[in-house]
Amino acid sequence: MTKQIFRIAPGFEEIMPEEYRELVTDGPYDRSVGVADLGTFKELLEEHPLCAGCGLALSLRLFLASLPAPADTVVVGSTGCSAIAFPQVGLHNIHGLFGNQNAIASGLKRALKLRFPDRPKDVVVVAGDGATADIGLEMVMHSWFRAENIATVMLDNEAYANTGGQESGMSPRGAVLNMAPTGKKFEKVAMPEIARESGCAYVAVTSPANARRFEKAIRRAILVARDVGPTYVQVFCPCPTNFKFRPDETLGVIRKREKEGVFQYREYITPEAQQYLAASEGEKR
Amino acid sequence: MIEQRVALMVDEVFQPTRCESRFITGSEAVKEAIQRSNITMAIAYPITPQSESMHLVGDLYAEGYIPDYFRGESEFAVMGQVAGAAMGGVRVFTATGGPGTLRAFEMFPCWAGMRLPIVCCFFTRGVNSPLSIQPDTIEMAFLLDTGIIMLHAEGAQDLYDFTLRAFAIAEQTDVHIPVGVFADGFFVTHTREMVTVGPPDVKLPPYDPHRSPVPAMDMEGVPVRHMRDPFVMKSNFISYAAHASWQQEILAAVERSRKYVHEYLGGLLETENEEADILIMAAGTAVSQSREAIQLARAQGIDVGLVKIKCLRPFPTEEIQHLARRARAIVVPEFNRVGWLAREIKSVVEDNSRVVGAPRVFGGMTMPSEMILAQLQACVPATR
């Protein structure tokens, strides 16, 4: 068994792009890093295909820096903007199909539990709002009902961004988007509440506007999923391209929504998860 | 629970020295095969006429033969769940059929593309509106080009043999793609026949994920990137080349399975009286009906041979071309409307006007052997 990242074949170092070399030599793989270390290592290739100012890209960077055990983590993704970024990281990742990410993760996690009963192997779902709240909702909810030990992270950019800005279940009511030409007719799907009622032991709503809170939510979600039960983190990461604001305004948009009370950071923790976190976070101190 | 011993060689399970005969249904034959297959996980979703097979596999779980078993939330979900389990490096089984097959359809080419050695039983049934639960093999036509290996069982004995042996074919390093074991719903699943099974106290050697050409997603090696940069939505030559070469690799893996189909199934097809002027070529329960028709034909002095096609992907192209060389007529009876098997055969034989794509029954109807006999009688002038 090796925990080494891919090595570049000898003789090819010079022709590989510099940022790829950095990913191999300076990636966060098998290192203990946090969001405070961002900028000192390579977590995502700069030449990823996401748009300038993309809130999802920023969230992915923070996510990659927040993993408690990247070398023992597999990210199960789905079709969408995040899927086109995941090949740009030095991390185990699977692209299933559109919406079935929690189904794939369920089978994978159970297989890993059987093969490695004494070693934590984190299975983390990272998917967009279309995959999580619309096409994949059945599979997301049933993974929670079955109490699968997986963490589900929804990157909520409030639209089907990768396919050109269509309305999703997470788009705000009234938003005029492709396929909602006169404005969306219903509210955002109440995913945090659905998650809580469906059996998630830890639920958080966060955003990349506060890196520390983001990191805490991701780490808690993964650790609770490892030992207690399913978890859910909803990341508000607006899309400048389809909501037509300037790329440098992304964090400002989040803060404005927070000020208006439309987006609110919050956490729900079951007593069992609370007890577990108190013990594990206490140990860390 | 019977204490099971792991076989040292697969032949101990496939060609055991101790055998017993059971009068069982096709669904029960699946249970017998899975009991000896040493699977780690099975995932189920109800769909008629498949459900009983997965009920019985669930019983095996309750008895302790299978470490994990659960009911998924839909066929699409189940096919994702078994994919996840296979990627995690375990031997996994499921079954579906008819509308369930179509609901899960997007996953089958993905299984092949992911090089997952999943074994799935497909118990075929009608899929069109108005609603039908009756036997029909039309879904096989849709699955022919998904990249999975397709075996077609004639009866419960085949179903037992093919299901058990499918694991060995699927898991070869140079193959390592899914195998679908097809059987005609109700005709096979719900009827009894004498089935010879091996001893229940011996099971297949465990699946070794390190033999996979695509490393397991178990984080025991360096990160595996299922998709790399060129694969993703890029419009450039490298992207096209990456996609194209991978698809070719899947097709090549299917081709490489031929030698294992020969090894474990004794060939892609079986023949009787292959020198006859008229040949019936059939798959599934249409073979059984053809056997009856051949008896009737012989009583009338008509000499007919039988070609039972066991493996549809890879397709026995060369074998059929060879057999068809001297036949005056080839009759292809089918349990579906579209005649997909006749279409396949017509696509490979020279002078395909000799291929009679009939009789066909569908909508759940049975195929009286007299219908096949009528086609044989109609072919007699061509043989003179």
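In this predicted model, strand β11 of chain B is joined by four bridges to strand β13(B), which covers residues 304-309, and the two strands run antiparallel. Within this pairing, Glu270(B) stands opposite Lys308(B) of β13(B). Strands of a sheet pair through backbone hydrogen bonds, in either a parallel or an antiparallel manner.

The pair belongs to an open sheet of five strands in chain B, ordered β11-β13-β12-β15-β16, in which the pairing is mixed. Its edges are formed by β11 (269-272) and β16 (355-356) of chain B, each of which pairs on one side only. Across β11, β12 (278-282) and β13 of chain B lies helix α11(B), made of residues 285-299, and this helix runs at about 175° to β13(B).

The size of an interface is often expressed as the accessible area lost when the parts come together. Here chain B and chain A bury about 3600 Å² between them, with 65% of it on carbon and sulfur atoms.

Five salt bridges are counted between chain B and chain A; one of them links Arg115(A) with Asp218(B), whose closest N and O atoms are 3.0 Å apart. Nine residue pairs are in polar contact across this interface, both residues of each pair having pLDDT 80 or more.

Technical notes. Residues are numbered from 1 along each chain as its sequence is written. Chains are lettered from A and ligands numbered from 1 in the order in which they are written. This is a predicted model: local features need pLDDT of at least 70, side-chain atom pairs count only at pLDDT 80 or more; totals for chains, interfaces and linings use all residues. Side-chain values use heavy atoms; hydrogens and water are left out. Buried area is the accessible area (1.4 Å probe) that two parts lose on being put together, summed over both. A salt bridge is a side-chain nitrogen of Lys or Arg within 4 Å of a carboxyl oxygen of Asp or Glu. A polar contact is a pair of N or O atoms within 3.5 Å; within protein, one must be able to donate a hydrogen and the other to accept it, and residues adjacent in sequence count only if both atoms are side-chain atoms. Two strands pair if DSSP finds at least two bridges between them. Contact means heavy atoms within 4.5 Å. Axes are lines fitted to C-alpha atoms, for helices over the stretch in contact, and angles run from 0 to 180 degrees between N-to-C directions.
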